[in-house]
Amino acid sequence: MDKLRGKKIVIAGSRKTEEMSLLIEKQGGIPLVRSLQGFVYLDEKVVEKELLFCVNNKVDWFVLTTGTGTDTLLGAADQLGIYADLIHQMKAAKVAARGYKTYALLKKLELKPEVIDEDGTTQGLMNQLSSYDFSNQTVVVQLHGEVQPALIQFLEERGARVIQLLPYRHIEPELATLETLCQELKTNSIDAVCFTTAVQVKYLFDYARREGMIETVLQSFSTHVKAVAVGKVTAEALKEEGLKLVIVPELERMGAMLIELVKVYGRSEAL
């Protein structure tokens, strides 16, 4: 029960930090909360404009990247009185879905996607879409709090007219938190960082680039500090930043993420 004894484990999320801290402490570790999630808010005026476009224009594809974001948009459409219209448009178009939560929501709505990703990642989704021609087609991409430049570029290079639905907007986390974590990485005074969303990865590495610390941060993760991701999408974001070794559980849950970290340290001790 003490595989994390003396290890300083950073929690980069803002949800369930008390529960995660307790789990770390039970394994003898020292939890450090460094929330990189930032502040999230629903931009209702922008959402209304985007949804009205969707129901008043021909849409050839809906590319849905998260179940939560899709559900939020449907809820907003319901408040606007255009829920049935939006569902009608989605049924008339082709739909691509990333992630099991998105697929589960579509199944509940009796919507059968044309394309489903291979592994819950954006790259997996692009692989499945690569055989389609999007020339002169309107493609609505549902995003969740952050842009997806690789996905948007992928679609535009294939001729799509891309409309981005981004209901949630993010405000960066406190600079003091970013500075503290970067200094901890620089001095190797922490042992692992647990990331629970891709946006946390973005904020950390964007800050490191702005401050001229990117090489230092990458070096720390490649030598002393373990990068831990809650799931495949977050792991994908870390790998896109150049990290070769990312600890990620099969089951995308916070508890499973910490159990996987414990296993890694357990295997290290056995060597």
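Two strands count as paired if DSSP finds at least two bridges between them. By that criterion β5 and β6 pair, in the parallel sense, over two bridges. The model described here is predicted. The points below cover an open sheet of five strands, the four aromatic pairs found in a search of the whole structure, and the cysteines, among which there are zero disulfides.

**Sheet order and edges**

- The five strands of the open sheet follow the order β6-β5-β4-β7-β8, and their pairing is parallel.
- At the edges stand β6 (115-116) and β8 (161-165), each of which pairs on one side only.
- Strands of a sheet pair through backbone hydrogen bonds, in either a parallel or an antiparallel arrangement.

- Strand β4 (residues 61-64) and strand β5 (residues 94-97) run parallel and are joined by four bridges.
- In this pairing F62 stands opposite V95 in β5.
- Helix α4 (residues 83-92) packs on the sheet, where it touches β4 and β5. The direction of helix α4 makes about 105° with that of β4.
- L64 likewise has a residue of β5 opposite, namely A97.
- On the β6 side, A96 has V115 as its bridge partner.
- To get from β5 to β6 the chain passes through helix α5 (residues 100-108), and this β-α-β crossover is right-handed.

**Aromatic pairs**

- A pair of aromatic rings is described by the distance of the centres and the angle of the planes.
- Four aromatic pairs turn up in a search of the whole structure.
- One of them joins W61 and Y132 in an edge-to-face arrangement, at 5.1 Å centre to centre with 80° between the planes.
- Because W61 lies in strand β4 and Y132 in the loop between α6 (122-129) and β7 (138-142), this pair ties together parts that are 71 residues apart in sequence.
- W61 counts as buried because its relative accessibility is 2%, whereas Y132 is partly exposed, with a relative accessible area of 23%.
- The rings of F195 and F221 have planes at 50° and centres 6.2 Å apart, so this pair is tilted.
- F195 in strand β10 (residues 192-195) and F221 in helix α10 (residues 214-223) are 26 residues apart, and their pair links distant parts of the chain.
- Both of these phenylalanines are buried: F195 has a relative accessible area of 0%, and F221 has a relative accessibility of 7%.
- W61 and Y132 also belong to one aromatic cluster with F134.

**Cysteines**

- A disulfide is a covalent bond between the sulfur atoms of two cysteines.
- The structure holds zero disulfides.
- For C182 the closest cysteine sulfur is that of C194, at 17 Å, so the two are too far apart for a bond. The cut-off for a disulfide is a pair of cysteine sulfur atoms within 2.5 Å.
- Seen from C194, the closest cysteine sulfur is in C182, again at 17 Å and too far for a bond.
- C182 is buried, at 1% relative accessibility, and C194 is buried as well, at 0%.

Methods: Residues numbered from 1 in each chain as written. Predicted model: local features only at pLDDT ≥ 70, side-chain atom pairs only at ≥ 80, totals over all residues. Heavy atoms only, no water. Contact = heavy atoms within 4.5 Å. Axes fitted to C-alpha atoms, helices over the stretch in contact; angles between N-to-C directions. Right-handed = clockwise from strand over helix to strand, strands pointing away. Buried < 20%, exposed > 50% of the residue type's maximum accessible area, 1.4 Å probe, protein only. Phe/Tyr/Trp six-rings, centres within 6.5 Å; stacked < 30°, edge-to-face > 60°.
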